[in-house]
Amino acid sequence: MSIRVGEAAEAPEFPTAAKRLIQDSQIRRNVRHATDVIRGKRNRVVAELDDWEQLRASAHAIKEHTLRNLVRYLEQFEAACTNAGGEVHWAQDADEANQTIVGLIQAEKKSEVIKVKTMTSDEIGLNTALEAAGIIPSETDLADLIVQLGRDQPSHIVVPALHRNRAEIRQIFRREMNLPALSDDPEELAAAARAYLREKFLRVDIAISGANFVIAETGTVCVVESEGNGRMCLSLPQVLITLIGIEKIIPRFEDLEVFLQLLPRSATGERMNPYNSIWTGVSPGDGPQRFHVVLLDNGRTQVLADEVGRQTLDCIRCGACLNACPVYQQTGGHAYGSVYAGPIGAILTPQLQSMQHSQTLPYASSLCGACYEVCPAKINIPEVLLHLRSKVVENRDAPVYERVAMKIAALALKNADRLSAAQSVGRIAQKPFERDGVIANLPGFLRGWTAVRDLKPIPKQSFRQWWAERDQSK
Amino acid sequence: MTISLFITCYNDTLFPETGKATVILLERLGHTVEFRAAQTCCGQMHFNTGYVGDALSMMRSTLDVFATAEVICIPSSSCVAMMRDQYPHIAQSTGEPALINAVSRFLPKVFELSELLVDKLGITDVGAFFPHAVTLHPSCHSIRSLHIGNKPQELLKCVRGLTLIELPDARQCCGFGGTFSLKNPEVSAAMLSDKVQCVLETRAEFCTAIDNSCLMHIGGALSRQRTGVRTVHIAEILAATDAGAIQ
């Protein structure tokens with residue numbers, strides 16, 4: 001099996017990538033501005049609902065129930081979708097999914113496809129596989145288009161070009177669409193994209209989409225979006241291929257009631273998405289006449305097998321945790337080296353890859369808990385981060401300096417006598433570094449700390465010494 | 001009431017003033033404070049970095065030390081969060097019924113300092129005097145794990161002479177995160193820079209919190225940048241009186 005998550009296996013480690021991004025003033029300003037705006041909108045529309053906490057609890061319960069009965073619901077979906085004229089394909093990993101999709105396009109004798117709303121296709125590296133087979137993929141979601149034309153990587157699961165501002169988008173469009181007179185006026189930019197995409201919508205008659213939800217009982221697929229470009233992809237072409245991670249399934253049509261309240265408010269701060277496309281199989285004479293669903297595992301069943309980690313699969317890809325995360329706000333999505341950025345990426349990417357890569361991702365969090373607070377599916381992300389950290393340590397993948405330091409600390413904290421002794425040693429050891437009552441320059445792995453912060457030296461008397469003295473004088 | 005103090009390892013080592021203040025404050029309120037000298041650490045640093053085995057040993061020892069205590073006061077919300085959020089899971093993972101029971105007997109006795117004062121002792125005016133402009137950093141563990149609400153603010157509002165100034169973007173993490181600040185020093189520093197900016201915007205003289213861990217972090221930058229703003233644990237404010245600050 002070849003399970004991979006985009007280029008995550010080859011990406012630099014989080015601290016290295018983050019260090020570079022922290023210095024990029026443009027990205028930092030763009031990310032800060034965008035996350036502030038979305039977060040503000042999200043908080044306002046969430047506050048409108050009295051039953052927000054019940055909705056979260058319902059979403060969590062539905063997802064947990066579904067995951068525990070995943071096989072049954074997937075088979076139910078397959079039967080219902082097939083019955084409605086769709087064709088269901090199963091893919092164990094990225095390669096299998098890519099081969100299936102390439103095969104379907106070649107069987108239609110096509111060399112160009114339009115794509116929309118499928119982060120999962122980035123997970124499996126579909127565009128690279130298509131291009132290798134001589135098929136040209138065109139992204140039609142505006143943000144995905146910006147990323148594709150800019151030969152860039154997505155930095156956010158809902159707003160993939162969140163790290164770009166208008167001026168940068170203008171540059172990309174001017175170059176790639178050959179529009180030298182284009183300004184950075186949002187309406188002009190949108191018009192340029194519209195004209196560029198309309199031509200493709202009218203000409204290319206095979207599309208690839210992702211899905212937000214798939215419904216077991218009816219075989220229905222649901223895509224929500226803001227632009228209408230998705231609606232074009234889902235309705236104009238003759239052939240539609242929808243790539244779906246197996247965790248996207250929900251049991252009943254009425255479960256959408258819960259998720260379609262939670263998702264738009266969490267994702268973009270909207271009460272409802274402008275476009276909600278919900279379709280079942282094929283309707284003769286209306287929309288795509290050949291409909292394929294590719295159900296993708298790519299490591300998900302392994303995640304499911306882990307008792308603590310499996311809640312990661314409750315994710316509905318709203319991106320609220322990214323916008324709320326103070327780490328993401330500083331670095332943007334590229335630091336995470338994966339198509340899945342932010343807190344959810346920090347737990348999803350390592351797990352999909354069986355902890356083989358990205359061992360620094362579970363540590364890319366201060367454990368502040370803001371992600372858990374906003375998650376509409378109540379995924380306890382800090383809990384999973386801690387669980388994955390314990391796996392890193394268990395697998396002996398933690399850095400040697402850290403293992404030594406933690407061992408020494410554990411020995412020093414073993415009992416009170418040792419702690420007192422360690423305090424005395426610390427007082428002596430800090431002497432060479434103490435200047436004017438502060439420690440400002442420590443060596444080794446402590447250097448990062450004192451680079452921007454003074455450290456208070458260990459005072460002469462510990463609390464326990466003060467207590468003992470006070471006790472005696474009583 | 002006899003209150004057993006869990007000082008926490010870093011307060012014991014780096015911030016003894018916080019411990020002294022807690023003792024003085026609780027004694028002034030008419031309670032007996034005891035300090036069980038065998039205590040060391042709750043295990044948070046090891047657990048949060050992935051060293052579960054070491055954390056388990058520290059949890060065992062903490063449970064032993066406080067087995068007979070009636071009320072345990074901890075002037076640190078992150079250590080309390082470690083106990084409430086993690087001890088039950090750690091105990092469960094061992095499958096030892098005795099340990100699981102010990103944790104469930106232990107947890108109801110644990111109070112963070114402001115919880116102890118406001119919830120358990122029902123007091124917000126502790127008779128303190130602190131004639132300074134102060135802003136409060138609500139630590140992540142206090143708001144998102146302990147759900148402490150406005151207890152620290154209620155206590156501070158009753159302190160005579162104290163002007164409480166609201167911190168902008170107060171709920172944002174300061175970027176400490178324990179070993180996070182060592183493993184991701186650049187990101188941590190960037191987060192800290194935002195927090196310091198907010199503290200400076202208040203024009204307060206002191207930044208306080210119910211956690212010295214955040215304060216060590218914020219204070220480290222306030223000191224490096226020669227801002228003249230100091231950090232002080234809430235216990236030290238509450239222990240201060242008109243008769244003079246504690247030594």
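Predicted model: local features only at pLDDT ≥ 70, side-chain atom pairs only at ≥ 80, totals over all residues.
I started with K391(A), which makes a salt bridge to D306(A), the closest N and O atoms being 2.6 Å apart. (A salt bridge here is a side-chain nitrogen of Lys or Arg within 4 Å of a carboxyl oxygen of Asp or Glu.) K391(A) sits in helix 18 (residues 381–394) of chain A and D306(A) in the loop between helix 13 and helix 14 of chain A, so the pair ties together parts that are 85 residues apart in sequence. (Helices are DSSP runs of H or I with at least four residues, strands are runs of E with at least two, and both are numbered from the N terminus.) K391(A) is partly exposed at 24% relative accessibility, while D306(A) is buried at 13%. (Buried means under 20% relative accessible area, exposed over 50%, partly exposed in between, with a 1.4 Å probe and protein chains only.)

Residues are numbered from 1 along each chain, chains are lettered from A and ligands numbered from 1 in the order written, and side-chain values use heavy atoms, without hydrogens or water.

Next I checked E139(A), whose salt bridge to K115(A) has its closest N and O atoms 2.7 Å apart. E139(A) is in strand 3 (residues 136–139) and K115(A) in strand 2 (residues 112–116) of chain A, so parts 24 residues apart in sequence are tied together. E139(A) is buried at 6%, and K115(A) is buried at 0%.

T312(A) is buried, with 1% relative accessibility. Beyond residues up to four places away in sequence, T312(A) touches several residues, among them V303(A), I344(A) and V384(A). (Contact means heavy atoms within 4.5 Å.)

Then I moved to chain B. Four strands form an open sheet there, in the order 6-5-7-8, with parallel pairing. (Two strands pair if DSSP finds at least two bridges between them.) Strand 6 (163–165) and strand 8 (230–233) of chain B are the edges, each pairing on one side only. Strand 5 (residues 133–136) and strand 7 (residues 206–209) of chain B pair over three bridges. In strand 7 of chain B, F206(B) is the bridge partner of V134(B).
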